[in-house]
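I opened this structure to look up its pockets, its helices and a few residues in loops. My entries follow in the order I made them.

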Amino acid sequence: MTDVAVVGGGPAGLSAALFTAKNDLDTVVFDTDKTWLHKAHLFNYLGIESEDGTAFLEDAREQVDGFGVDRRQGEQVQTVERDGDQFRVVTDEDDLAADYLVLATGANRGLAEDLGCAFTDEDVVDVDVDMETDIHDAYATGAMVRAEEWQAIISAGDGAAAALDILSKEKGEHFHDFDVPDDAE
């Protein structure tokens, strides 16, 4: 059992995991390392002058690991389904229950389709501004929700939007993850 299950370990998935774990929600990330970021070099990511995509992923993984994310590297999700008020995430190694589900599988929309998420006329997952699908507490991010605008920084923002919506639901009010200089180590 976990609070948040994230399927996908690219910018969207790791961003969602960072926000939820940093704010004390148990978070599991299933990461098969098939992100397009390995083929990228970042010149257009705010705050980064120039960084190889693989190096960026290593930094991002280290950051989420530091907040206690249970990152299941190489563990492929076979199915996701609604199970009462929770989600069931099935892999070859585990059968996990989660209160919230964040899908961050790039342009692979198969799990969203299997879950029964609505799609738009452009054949992308239909989400609201907070990245929530028509299935309560299930979120879709990144290339799953856009026909062509596939950028790492957009995907990271999608993951953050999903996480802030989850945190707002958990806290019962709008939540803003805003740190001040005194929060720094």
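I count two residues as in contact when they have heavy atoms within 4.5 Å of each other. With that rule I looked up L101, leaving aside its neighbours within four places in sequence: L101 is in contact with A5, V7, V80, F87, V89, L115, D137, A138 and Y139.

Basis of the entries. The model is predicted, and local features need pLDDT of at least 70, side-chain atom pairs count only at pLDDT 80 or more, while totals for chains, interfaces and linings use all residues. Residues are numbered from 1 along each chain as its sequence is written, and side-chain values use heavy atoms, with hydrogens and water left out.

Entry on the core. I call a residue buried under 20% relative accessible area, exposed over 50%, and partly exposed in between (1.4 Å probe, protein chains only). A nonpolar core is a set of buried Ala, Val, Leu, Ile, Met, Phe, Trp, Tyr and Cys residues joined through side-chain atoms within 4.5 Å. The largest such core has 53 residues, and V7, F30, V80, V89, L101 and L115 touch the most other members. I then looked for the element that gives the most to this core, and found α4, with seven residues. Helices (H or I, at least four residues) and strands (E, at least two) are DSSP runs, numbered from the N terminus.

Entry on α4. I checked the length of this helix against the expected span, which is 1.5 Å times one less than the number of residues. The 20 residues of α4 should span 28 Å, and this agrees with its end C-alpha atoms, which are 28 Å apart. The buried residues of α4 include A152, S155, A156, D158 and G159. Among what covers the buried residues of α4 I noted β1, α1, β3, β8 and β9 (138-140). Just after α4, G172 takes a positive phi of about 75°.

Entry on α1. This helix has twelve residues and reaches 16 Å from its first C-alpha to its last, close to the 16 Å expected. Is α1 mostly covered or mostly open? Eleven of its twelve residues are buried, so I wrote down mostly covered. Its buried residues pack against β1 (2-7), β2, α2, β5 (70-73), β8 (95-103) and α4. Just after α1, D24 takes a positive phi of about 70°.

Entry on pockets. Rolling a probe the size of a water molecule over the atoms shows where empty space is left. On a 1 Å grid over the protein atoms alone, probed at 1.4 Å, a pocket is an open set of points with protein on both sides within 12 Å along at least five of seven lines; lining residues have an atom within 4 Å of a point. Grid points are joined across faces, edges and corners, and a volume is the space filled by probe spheres set on the points.

About 730 Å³ of space lies in the largest pocket. It is lined by 37 residues, of which K34, T35, W36, T105 and G106 lie nearest its centre. The elements giving two or more residues to this lining are α1 (11-22), β2 (27-31), β3 (41-42) and α4 (152-171). By class, the lining has 17 nonpolar, 16 polar and four charged residues. I count Ala, Val, Leu, Ile, Met, Phe, Trp, Tyr, Cys and Pro as nonpolar, Asp, Glu, Lys and Arg as charged, and the others, Gly among them, as polar.

The second largest pocket holds about 200 Å³ of space. Of its 13 lining residues, L18, Y45, F56, A60 and Q63 are the closest to its centre. Here α1 and α2 (53-66) are the elements that give two or more residues. The lining divides into nine nonpolar, three polar and one charged.

Entry on loops. T32 is found in the loop between β2 and β3. T32 counts as partly exposed because its relative accessibility is 30%. Not counting residues up to four places away in sequence, T32 touches G74, E75 and Q76.

D33 is placed in the loop between β2 and β3. Most residues other than glycine have a negative phi. D33 is not a glycine, yet has a positive phi of about 65°.

M131 also went into the notebook, with a positive phi of about 75° although it is not a glycine. M131 lies in the loop between α3 (110-115) and β9. Is M131 buried or exposed? At 6% relative accessibility, M131 counts as buried.

A107 lies in the loop between β8 and α3.
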